[in-house]
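Take a look at the model below.

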Amino acid sequence: MTAEFYRIKRLPPYVFAEVNAMKAKARAAGEDIIDLGMGNPDLPTPPHIVEKLVETVRNPHTHGYSQSRGIPGLRKALAAYYKRRFDVTLDPEKEVIVTLGSKEGLANLAQAITAPGDTILVPNPSYPIHAYGFIIAGATIRHLPMHGIDFMEVLERAVRHSVPKPIALVLNYPSNPTAEVVGLDFYAKVVDFCRKHGVYILSDLAYSEIYFDENNPPPSILEVPGAKDVAIEFTSMSKTYSMAGWRIGFAAGSPDLVAALTRVKSYLDYGAFTPIQVAATAALNGPQDCIVEARKIYKSRRDVLVSGLANAGWTIPVPAATMFAWAPLPPGWEHLGSLEFSKLLLTHAKVAVSPGVGFGEYGDGFVRIAIVENEHRIRQAIRNIKKFLASRDEILGNKKAAS
């Protein structure tokens with residue numbers, strides 16, 4: 001029997017699966033693949049966080065069900081982080097909830113607030129869950145193109161011409177995949193507009209601490225007066241503390257949206273394992289020099305990547321934040337599209353990147369390069385890419401002949 005399930009039918013084939021399958025096959029054959037594709041932090045979780053986990057897990061009283069919305073100490077720690085980092089006051093009881101990573105929080109909030117046919121405004125390109133969390137929930141997505149546009153102009157047009165009126169707007173700065181950053185003045189305009197039009201804002205701030213201009217740390221949308229009337233913000237331990245596999249994150253802001261997410265989650269899970277929540281509390285309340293050190297490492301890697309690719313003949317913008325570079329396809333390769341280019345790069349240069357089309361149709365002229373390998377491996381990747389680019393005529397000629 002072949003079943004066609006409603007929500008599954010709304011999901012297109014996962015673009016990254018093709019490159020991931022090629023990568024797995026090459027590694028199984030013994031090839032050395034330099035993986036700059038998935039944004040999986042390679043830096044170790046700081047020792048004091050690991051030690052707190054080990055200490056807590058030895059207590060058998062922590063092995064039972066936890067709290068779906070997060071243990072009180074962790075919610076208080078997140079509120080304290082917002083106060084010292086953004087000067088934003090949060091009520092840990094009504095304005096903070098712990099999630100199993102920001103991805104789970106976004107997806108479950110989509111289930112909580114979306115009725116079939118609702119319109120959601122989502123940037124394009126964007127991290128896949130921003131759109132597909134709502135598609136799974138039955139929404140209709142209106143994509144906002146993010147290259148070379150006046151965002152407020154595009155937003156106003158989308159709200160004016162969408163039927164039914166959009167219920168929510170997704171934002172993500174620093175952006176995955178584009179690494180774009182915005183200032184507080186941008187958020188102020190968006191909040192003012194959305195309050196006037198009754199549109200909720202879902203802000204993904206997962207990369208708040210991976211930035212490279214020490215004088216301009218990324219702001220929170222909750223810094224805008226009145227933002228909590230319409231906005232909820234998602235943060236994560238994954239990138240800040242290299243805790244991706246721990247699956248711990250937060251949502252904070254609008255009491256109504258936090259309550260909606262709390263209600264849905266209460267039916268779906270019992271929260272993260274308590275020792276993980278205790279260790280996350282220690283991370284937020286403990287020494288923060290580990291974040292500064294991680295930023296230095298990512299910045300150094302970024303500089304190696306950008307300068308090395310420029311010397312190889314591939315000029316890419318210098319990312320101001322995140323662990324990604326958003327790279328336009330190099331001259332002479334644009335006609336291939338991002339997926340075919342990524343496959344050729346993997347085959348011939350043994351370097352894996354993420355095709356931009358996987359983040360939306362407006363990302364097709366780009367690839368996302370993750371700086372999640374050490375500098376030695378990044379330099380090796382650059383050498384391989386330089387040879388690849390120099391062999392363009394041969395590679396494309398062979399490809400044409402094979403087809």
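Arg302 touches Phe212, Val318, Pro319 and Ile371, leaving out residues up to four places away in sequence. Here, contact means heavy atoms within 4.5 Å. Arg302 sits in helix H11, residues 289-311. Helices are DSSP runs of H or I with at least four residues, strands are E runs with at least two, and both are numbered from the N terminus. Arg302 counts as buried because its relative accessibility is 9%. Buried means under 20% relative accessible area, exposed over 50%, and partly exposed in between, with a 1.4 Å probe and protein chains only.

This is a predicted model: local features need pLDDT of at least 70, side-chain atom pairs count only at pLDDT 80 or more, and totals for chains, interfaces and linings use all residues. Residues are numbered from 1 along each chain as its sequence is written, and side-chain values use heavy atoms, without hydrogens and water.

Now go to the cores. A nonpolar core is a set of buried Ala, Val, Leu, Ile, Met, Phe, Trp, Tyr and Cys residues joined through side-chain atoms within 4.5 Å. The largest one has 56 residues, and Tyr82, Phe151, Leu169 and Leu171 have the most contacts inside it. Elements giving two or more residues to this core include helix H4 (72-86), strand S5 (168-172) and H11. H4 supplies the largest share, seven residues. Another core lies apart from this one, with 41 residues, among them Ile34 and Val351.

What about the surface? Ile8 is found in helix H1, residues 6-9. Ile8 is exposed, because its relative accessible area is 54%.
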